[in-house]
Amino acid sequence: MEHIIKELANYGQYHLANEEKYFDKFDYVEADAHKAIHKKYIEKISDFQEKFKTSKIKTTFELVDFLEDWWIGHINNIDKRYTKTFNEHGFY
Ligand SMILES: [Fe+2]
């Protein structure tokens with residue numbers, strides 16, 4: 001499980017950094033606020049990695065709940081906000 005959390009952290013960082021690369025490229029007006037949300041997510045995953053060292057089962061359940069809520073909420077609410085900007089640059 002520790003390995004999975006590490007992979008999640010790595011993939012999350014890769015995914016979010018890739019998204020942010022396009023914010024900069026397209027001068028997305030809400031880039032700073034969006035990046036701050038990504039930063040909080042990365043910090044939260046780091047917290048889970050620490051907590052996991054002392055409470056494996058509880059942390060695993062909390063992490064799964066967090067991930068489900070965060071990604072669904074983020075994609076449906078926060079990421080949707082850049083749709084127009086990305087579309088204007090040929091991303092559909
Ligand atoms: Fe995002």
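## Iron site

Donors are N, O and S atoms within 2.8 Å of the metal (3.2 Å for Na, K and Ca); water is not among the atoms, so sites may look incomplete. In this predicted model, local features need pLDDT of at least 70 and side-chain atom pairs count only at pLDDT 80 or more, while totals for chains, interfaces and linings use all residues. Residues are numbered from 1 along each chain as its sequence is written, and side-chain values use heavy atoms, with hydrogens and water left out.

The iron ion has as its protein donors Glu19 (OE), His34 (NE2), His38 (NE2), His74 (NE2) and Asp79 (OD), at 2.0 to 2.2 Å. Their spacing along the chain is E-x14-H-x3-H-x35-H-x4-D. Glu19 in helix 1 and His74 in helix 3 are 55 residues apart, a pair that links distant parts of the chain. Helices are DSSP runs (H or I, at least four residues), numbered from the N terminus. Glu19 and His74 are both buried, that is, under 20% relative accessible area; exposed means over 50%, and partly exposed lies in between (1.4 Å probe, protein chains only).

## Salt bridges

Seven salt bridges are found in the whole structure, each a side-chain nitrogen of Lys or Arg within 4 Å of a carboxyl oxygen of Asp or Glu. One of them joins Arg81 and Glu30 (2.8 Å, N to O). Because Arg81 lies in the loop between helix 3 and helix 4 (83-88) and Glu30 in the loop between helix 1 and helix 2, the pair ties together parts 51 residues apart in sequence.

Within helix 3, Lys58 and Glu62 are four residues apart, about one turn of the helix; their closest N and O atoms are 3.0 Å apart in a salt bridge.

Technical notes:
Helix = DSSP H or I, 4+ residues; strand = E, 2+ residues; numbered from the N terminus.
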